[in-house]
Amino acid sequence: MTDIATYNFAYLDEQTKRMIRRAILKGIAIPGYQVPFASREMPMPYGWGTGGVQVTASIIGPDDVLKVIDQGADDTTNAVSIRAFFRKVANVAVTTETASASIIQTRHRIPEHPLSAGQVLVYQVPIPEPLRFLEPRETETRKMHALEEYGLMHVKLYEDIAKHGRIATTYAYPVKVEGRYVMDPSPTPKFDNPKMHRSPALQLFGAGREKRIYAVPPFTDVVSLDFEDHPFEVQTFDQPCALCAAENVYLDEVILDDHGGRMFVCSDTDHCEKRREAGHRGHLAPESDPTSQTMEPAQ
Amino acid sequence: MDIAAQSIEGGFADPVFNAQTVFRAVMDAMARPGTVQPLPALAHPPAPLSATSGAIALALCDNDTPLWLDPTLHACAAIGSWLGFHTGAPQANTPADAHFAFIASPAEMMAIDGFSQGTQDYPDRSTTLVLQVGNLASGAPLLLEGPGIETSATIAPAQMPRHFIEQWKQNSKRFPRGVDIILAAPEGIACLPRTTRIKMMGA
């Protein structure tokens, strides 16, 4: 029998969607400003992407194609369960292919494949306030944003240099959006920061526990904070991906044994699979490479 | 049709999916100022509220969003009751209390600094203006720059407010405070978020 309780399309009720949609429009109109919204309880715990899920649920339509990644991977728990959630509550098409997705929900990576106009990238954000660890009071951080008073953030980066000789922040690296708001790009590696700058895709950020939505419209300046004598730099890797030999991509370390064996592979699984299908081979790639296990079986 | 029937007829045929279609058109227009997002006539409100602005009201307004209607719309009782029946939104006492303002005669509208501009702490608490324009191609061309626009874009909405360029410059100066504009034309939607810089063509 199928007469168990059915949900509204995309799980959320219509009034909630309207409230989130209004917040998204304000976010787009004020790039980098964190719009408060009445975040709902979702059928998953905080920290599992409740903010991103609410944003995706509010924008998604029956014609959308959804991709979900968790640290670049399509096949880890968070990505698989959110993709299954939307297939169940919205019956939308899902994909692992970056280029064919219209909405990409992401936890902490931006795909290696360049995004195109018309795509929407939805970030799951744990702590939306870039100043929170410097100033715990919301009343104060709000005032600092209002007065464009970001000296504290530069002091923090300077203290990095004084202590470590370089800016030691490697993820959630603060950016300034359109010359006004300092924004937390969510805990993406700073490797991905340059991809946000003037991206043709719309970028939406949802923080469920902290109840904030913010946005970066397409073709918007997103500049990583730095100093003249310590310019912003991204991570570099001294070897290519062990499976697909890609260079200039973000790599994950994989421990192979308990004797110090390790390999470095693409964090973006779709990018890596596409390259291997195209015949690229890294030094640890198996001879005949089975790369066809990209999707979980259909229900 | 009598007023009672007018205020009930003409809502979304499919509330969930029509609202999503309208919202995505507004979102895309807001994210890419200067582009026109086509929109079929999904709502049929009483005249002079247009199908496009009626659809925007149904998609975005509810009992959390006080509305303000310009004198042209306010004069028609059926519009107030249509919006009340379909959205449940209260009417704002003053333009500064409104979350959304619907304007059928932009050429005669009040100054845009009379609407809520938000505060420096909460710039999102500003009025979103929905301007009904005859079309987006026959007016004085506006050259747009800013976030969402790769280099520049042009639209030419007809019947824009008086001294619009000058008023918009003032609006930009108030950033992050300021109003956002949704242009509702019969062929679709275009948006002017507060970040968009406008120049008259050839000026």
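Two residues are taken to be in contact if their C-beta atoms, placed from the backbone, lie within 7 Å. By this criterion, and in what is a predicted model, Leu183(B) touches Leu131(B), Val133(B), Leu136(B), Pro157(B), Ile189(B), Ala190(B), Cys191(B) and Leu192(B), with residues up to four places away in sequence left out of the count.

Leu183(B) belongs, together with Val26(B), to the residues with the most contacts inside the largest nonpolar core, which comprises 117 residues. The element that gives the most to this core is helix H2 of chain B, residues 15-31, with nine residues. In soluble globular proteins, nonpolar side chains tend to be buried together.

Helix H2(B) also packs against helix H3 of chain B, residues 51-60, the two axes coming within 9 Å and crossing at roughly 105°. Because angles of 65 to 115 degrees count as roughly perpendicular, H2(B) is described as roughly perpendicular to H3(B). On the H2(B) side the contact is made by Ala19(B), Val22(B), Phe23(B) and Val26(B), and on the H3(B) side by Ala55(B), Ile56(B), Leu58(B) and Ala59(B). By class, eight residues of this contact between H2(B) and H3(B) are nonpolar, with no polar and no charged residues.

Between the chains, the contact draws 30 residues from chain A and 29 residues from chain B. On the side of chain A that touches chain B, helix H1 (14-29) and helix H4 (138-146) of chain A each supply at least two residues, and H1(A) gives the most, with 11 residues. Sorted by class, this side of chain A has 17 nonpolar, four polar and nine charged residues.

Conventions
Residues numbered from 1 in each chain as written. Chains lettered and ligands numbered in written order. Predicted model: local features only at pLDDT ≥ 70, side-chain atom pairs only at ≥ 80, totals over all residues. Helix = DSSP H or I, 4+ residues; strand = E, 2+ residues; numbered from the N terminus. Nonpolar A, V, L, I, M, F, W, Y, C, P; charged D, E, K, R; others polar. Core = buried A, V, L, I, M, F, W, Y, C linked by C-beta atoms within 7 Å. Buried ≥ 20, exposed ≤ 12 C-beta atoms within 10 Å, placed from the backbone. Axes fitted to C-alpha atoms, helices over the stretch in contact; angles between N-to-C directions. Parallel < 35°, antiparallel > 145°, perpendicular 65-115°, else oblique.
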